[in-house]
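Keep the sequence and the 3D view open while you read.

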Amino acid sequence: MLRMGSVQRNFQKTMPQLTSLLDAIPFAPADWPGPLALVGGSVRDALLNRTRVPLDLDFVCPGPVAERARVLARRLGAGFAVLDAEHEIVRLVLDSGITLDFARRQGADLVSDLARRDYTVNAIAWDVHAGELFDPFDGRGDLTRRTLRAICEANLVDDPLRLLRGYRLAAQLDFAIEPATRAWIGLHAHRLAAVSAERVREELCALICAPTGADALLATYRDGLLADWLPEIAPMEAIGPSGYHHLPLIEHTFEVIRQVDGAIADFAEQVRADMDRQVTGGHSVRTLVKLGALLHDIAKPPTSKLDPASGRMSFIGHESLGANMTRQILQRLKFSRDEERWVAALVQHHLRPGQLAAHWPPSNRAVYRLCRDLGQMLPALLMLALADRRSTLGPQVGQDDLARAVELTGRLLGHYYTPGDPLAHPRTLIDGNGLMAELDLKPGPRVGQLLAAIQEAQATGEVTGREEALALARTLL
Ligand SMILES: Nc1ccn([C@@H]2O[C@H](COP(=O)(O)OP(=O)(O)OP(=O)(O)O)[C@@H](O)[C@H]2O)c(=O)n1
């Protein structure tokens, strides 16, 4: 098996899980065409004693590696897929969900492979057979200094996604970007326009979800990285503080993103679990709420008008226009249809909880309508509206407004999470077929309108049974 050196023991001490995993995999040197090295994020995170979920391990090896990896996959009973035939990159997926990627080493030796990578902390290798760390760019020094340093300017130009990755990694690791690296990022920011939408989208989502993601995203905007992908943000600079917002619009927007996690943390486990589930397309509800936070006031600049009488700005219809702009932005970034629907709905309806709180107590009809229109997106909407309220402290906002917003959120979540709740989940008194048979109606929009009227009357208590529902439908006809 592996030779046991002092560095290996150190590595083992730092990341026992990783080394015991490597020990369990049959990596006999003779089986491989050359030295096998573990590289990239798993080595970096092992040295930082940082848990990676899901665990993905990247290996490089000189010579033909795919065939050897396929044999290993069979021995381990792992799934096998070719990710990139040209560069010979293959993936094994273990039952535990751990992935092992094997790639043919780039360049004449391991140093030249590592020299092509993005940041020094990602260019540390663990030689699996020799049992030694290999760190030609002082990545460990940068780990100690908590600094993200590019290997060189040319590597950032070679793959401009690395410009954005820099902010994402710095936010996830809580590192500072080294000044020369930051200057190169600013200089080449325009090159991000040439990167595929899917790659940019994944980095943006990972960035916005990091603990300091709002600040990191603001920095990417200030450094010009969002100019081509989100040109709608810059016009927000023109809108200053208002009666509701104590902050200029751009700062308010990033403050709302900052407040999302705090809003979620105040509620029960059920809400937190709901925020961490995935929507079709693969992103979590929490990510979509944060995107909603970024975009919730996106249409304020194009709808802004100064009312000469009051001297105040108005933004009439900004939610609907904002929802349309949100759809365009999410299509540009190639999000799934479902994700587009979610974020557009959050932007469209984000003011409604505030409107309910302003007419206290909210009527059953208003609660029913909000639950009906949002369906399973209701908890997400409530978290966005609450984050917005937590970020809003203008002169027109009363002291008890936040307490009221929290109380309303609790009430609405109570309805939503109670099975059979008459406002959130009204039982069906009569369905479309029943209605058509009883009233001799033909299929068409009228049937839907009658069913909606019955449900609303149920919510307000005007209708409690099938006969009353039919009687109401007859009067409406
Ligand atoms: N645009 C990129 C992407 C990746 N890499 C290199 O490939 C490694 C693996 O990349 P990836 O799995 O995408 O990211 P990790 O660094 O492993 O980090 P994380 O999994 O946390 O995203 C990186 O560490 C880095 O050495 C790179 O140089 N340039």
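Of the 477 residues in the protein, 40% are buried. The model is predicted. It holds 24 helices and 11 strands. The C-alpha trace spans about 85 × 55 × 35 Å along its principal axes. Among contacts with a separation of 6 or more, 65% join residues 24 or more positions apart.

**Domains**

The domain assignment gives domain 1 (6-142), domain 2 (153-222), domain 3 (234-416) and domain 4 (432-476). The C-alpha centres of domain 1 and domain 3 are 43 Å apart.

UniProt, in an unreviewed entry, lists residues 253-393 as "domain: HD". That span is 67% helix and 4% strand. Its end C-alpha atoms lie 13 Å apart.

**The ligand shell**

Which residues surround the ligand? They are Gly40, Gly41, Asp56, Asp58, Arg117, Asp118, Asn122, Ala123, Asp159, Leu161, Arg162 and Arg165. Two elements give two or more residues to this shell: strand 2 (56-61) and helix 8 (161-173). Helix 8 gives the most, with three residues. By type, the shell divides into seven charged, three polar and two nonpolar residues.

Where does the ligand lie relative to domain 1 and domain 2? Domain 1 (6-142) and domain 2 (153-222) both give residues to the shell, so the ligand lies between them.

**Nonpolar cores**

In soluble globular proteins, nonpolar side chains tend to be buried together. Here the largest nonpolar core has 118 residues. Val289, Leu346, Ala380 and Met383 have the most contacts inside this core. Helix 20 (residues 378-390) supplies the largest share of the core, nine residues. Apart from this core lies another, of nine residues, among them Leu435, Leu450, Ala457 and Ala469.

Take Met383 as an example. Leaving out residues up to four places away in sequence, Met383 touches Val260, Ala263, Ile264, Met275 and Val289.

Leu22 sits in helix 2 (residues 16-24). Is Leu22 buried or exposed? Leu22 has 22 other C-beta atoms within 10 Å, so it is buried; the cut-off for burial is 20 or more. Leu22 and Leu57 are 35 residues apart in sequence. In space, their C-alpha atoms are 9.9 Å apart.

**Backbone features in loops**

Two residues have a positive phi although neither is a glycine: Asn49 and Arg146. The table sets out their values.

| Residue | Phi | Other C-beta atoms within 10 Å |
|---|---|---|
| Arg146 | about 50 degrees | 13 C-beta atoms |

Asn49 is in the loop between helix 3 (41-47) and strand 2. Arg146 is in the loop between helix 6 (139-145) and strand 8 (147-148). With 13 other C-beta atoms within 10 Å, Arg146 is partly exposed.

A further backbone feature is a peptide bond. Which residues does the cis peptide bond join? It joins Trp360 and Pro361, with omega about -10 degrees. Pro361 lies in the loop between helix 18 (352-358) and helix 19 (364-374).

Conventions: Residues are numbered from 1 along each chain as its sequence is written. This is a predicted model: local features need pLDDT of at least 70, side-chain atom pairs count only at pLDDT 80 or more; totals for chains, interfaces and linings use all residues. A residue is near a molecule or strand if its C-beta atom, placed from the backbone, lies within 6 Å of it. Ala, Val, Leu, Ile, Met, Phe, Trp, Tyr, Cys and Pro count as nonpolar, Asp, Glu, Lys and Arg as charged, and the others, Gly among them, as polar. Domain bounds come from an automatic or database domain assignment. UniProt positions are given in the numbering used here, feature names are shortened, and annotations may be inferred rather than shown by experiment. A nonpolar core is a set of buried Ala, Val, Leu, Ile, Met, Phe, Trp, Tyr and Cys residues joined through C-beta atoms within 7 Å. A residue is buried if 20 or more other C-beta atoms lie within 10 Å of its own, exposed if 12 or fewer, and partly exposed in between; C-beta atoms are placed from the backbone. Two residues are in contact if their C-beta atoms, placed from the backbone, lie within 7 Å.
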